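Visitor: I would like to learn how to read the features of a model. Please take them one at a time.

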Amino acid sequence: MNSKMIPFAVINPDAPPESLEAKQPNVDNGAEIYGKDGYFSPELMAQEWDKVWTQSWLIAGVSADLQKFGDYFLFRIRNESIILTKTQEGVEAFYNVCPHRGARLLTKERGNKKVFVCPFHSWSFRNSGELRTITDEETFQDAVICHRPGLTPVACEEHAGIIFISMADNPPPLKEAIGLPDSYLANYQIDQMRVVRHVRSEWGSNWKVGVEAFYESYHLHAVHPETRGVMGDLNVQYDCYPNGASRMIVPLGQPSPRQADQTTVNEGLQYMLQEAGVDPAGFEGTAADVRVAIQQAKRARSDRLGLGYERFTDGQLSDSWATGIFPNVQIGCHPEAIFLMRFLPHDTDPERFWYDTMTLMFPVNDPNFCPPAWMGLPEGTDVTGNVRPDTETFLFGEDPSLGLVLSQDAELMPSVQEGMRSKAFKGQIWGEQEQRLRHFHVELERRLND
Ligand code: FES
Ligand SMILES: [Fe+2]
């Protein structure tokens with residue numbers, strides 16, 4: 001229980017309570033220090049599999065990747081592989097397993113197939129899951145094939161352009177499980193966005209160390225000092241939603257309050273002005289005016305190009321709304337683009353995880369329209385969305401070229417993992433800037449003990 005008043009930043013004190021920007025009521029998640037075994041122990045990794053990964057709704061991918069009949073992609077989590085496919089009925093999901101002898105049906109991550117032919121004995125299945133042909137069917141006794149074995153379905157639903165699956169027998173209603181207001185993600189019109197980059201890299205820590213690092217801005221000053229000129233890292237609004245969801249609104253286009261100089265329009269701020277379509281050379285305000293100038297310029301651009309930004313608050317036009325959905329997702333939401341990151345457990349090693357990131361761009365025919373620079377798209381990335389790029393995969397130790405900020409995080413994780421292993425470390429001590437971590441762990445504990 002908090003016995004003292006802790007100052008919480010509020011992005012827009014005038015936001016009406018129904019506004020998505022409104023500060024949510026504080027959630028008292030206590031002050032407990034949790035054990036650390038869950039970061040190392042194979043037994044707890046197995047328990048997470050049974051109680052969390054196989055019971056939760058998980059983001060398998062995005063609707064943009066299943067546009068035409070027959071389009072499919074594979075979602076892999078530990079040693080399960082699931083086919084997401086566009087049938088005549090809509091999006092459906094099946095275990096990527098042949099019922100004959102268990103072979104994986106599909107191995108290529110993405111493609112278009114209306115019929116899946118097993119590589120082992122060439123049984124074939126429609127993409128709606130039903131058995132199509134059995135090779136040499138006359139050589140099978142009726143008793144073994146009379147049930148016409150098809151593919152095993154997985155619960156699958158789309159919400160706001162995102163495709164969720166659940167391996168649970170009776171998953172809870174998806175919207176309730178997400179925990180966010182219905183319009184929260186829908187406002188971004190992710191269903192109209194296109195994937196412009198997809199990178200999967202192996203990181204040297206437990207997946208929860210990854211989630212935690214991206215759920216707070218407390219480390220920005222230390223790990224990412226170059227953000228000081230452009231991110232209000234102490235003015236962050238943290239909000240907790242039901243079922244482990246949470247978000248932080250990080251104001252961008254303003255210097256950190258940790259920095260003495262609050263007036264110079266530094267290089268980073270100039271760059272952000274430029275991105276919004278303001279010529280920094282002609283800008284007459286100080287650093288304190290940049291965030292609002294960005295908002296106004298984006299409104300004007302929306303009016304010019306018909307982007308419908310009336311659906312966004314001013315703050316949404318400038319700030320980062322980093323939004324977490326339990327268990328393993330954070331979405332950096334911006335009107336121009338979203339940055340969807342998933343922290344996927346390693347197949348066997350509790351001290352590794354897969355950091356899977358997709359950048360999706362809203363298609364706009366304007367040469368100055370670009371995703372925020374911090375998303376770290378390499379120079380020359382095709383942002384038209386016309387061609388779905390292949391997933392770039394990097395093993396631990398390889399440089400995934402995710403940009404400076406994410407490289408700094410990737411470099412730090414293994415030393416955090418190692419330090420936590422030490423006999424001296426007793427469990428994490430969280431402040432209120434880390435309230436999302438506590439909120440996540442409260443939900444995790446609830447699920448593990450369910
Ligand atoms: S395992 Fe698929 S046809 Fe035999
Ligand atoms: Fe970071």
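Visitor: How many bridges join strand β4 to strand β9?

Guide: First, the conventions. The model is predicted, and local features need pLDDT of at least 70, side-chain atom pairs count only at pLDDT 80 or more, while totals for chains, interfaces and linings use all residues. Residues are numbered from 1 along each chain as its sequence is written, and chains are lettered from A and ligands numbered from 1 in the order in which they are written. Strands (E, at least two residues) and helices (H or I, at least four residues) are DSSP runs, numbered from the N terminus. Two strands pair if DSSP finds at least two bridges between them. Here two bridges join β4 (residues 91–95) to β9 (residues 153–159), and the two strands run antiparallel. Ala93 stands opposite Val154 in β9.

Visitor: Which strand is joined to β9 by five bridges?

Guide: That is β10 (residues 162–166), antiparallel to β9. Glu157 stands opposite Phe164 in β10. β9 and β10 form a hairpin with two residues between them, and Ala160 in the turn has a positive phi of about 55°.

Visitor: How are side chains arranged along a strand in general, and what is the strand order in the open sheet of three strands?

Guide: In a regular strand the side chains alternate between the two faces of the sheet. The open sheet has the order β6-β7-β8, with antiparallel pairing. β6 (115–117) and β8 (131–133) are at its edges; each has a single partner strand, so one side of each lacks a neighbour in the sheet. From one strand to the next the twist averages 35°, taking axes as lines fitted to C-alpha atoms, for helices over the stretch in contact, and angles from 0 to 180 degrees between N-to-C directions. β7 (residues 124–126) pairs with β8 over two bridges, and the bridge partner of Phe125 in β8 is Leu131.

Visitor: Where is the peptide bond that is cis?

Guide: The bond from Phe326 to Pro327 is cis, with omega near 0°. Pro327 is in the loop between β14 (320–325) and β15 (329–333).

Visitor: How is the protein chain divided into domains?

Guide: Domain bounds come from an automatic or database domain assignment. Domain 1 is 8–53 + 183–450 and domain 2 is 57–167. Their C-alpha centres lie 33 Å apart. The contact takes 18 residues from domain 1 and 13 residues from domain 2, where residues are in contact if their C-beta atoms, placed from the backbone, lie within 7 Å.

Visitor: Which element supplies the largest share of the side of domain 1 that touches domain 2?

Guide: β16, with three residues.

Methods. Two residues are in contact if their C-beta atoms, placed from the backbone, lie within 7 Å.
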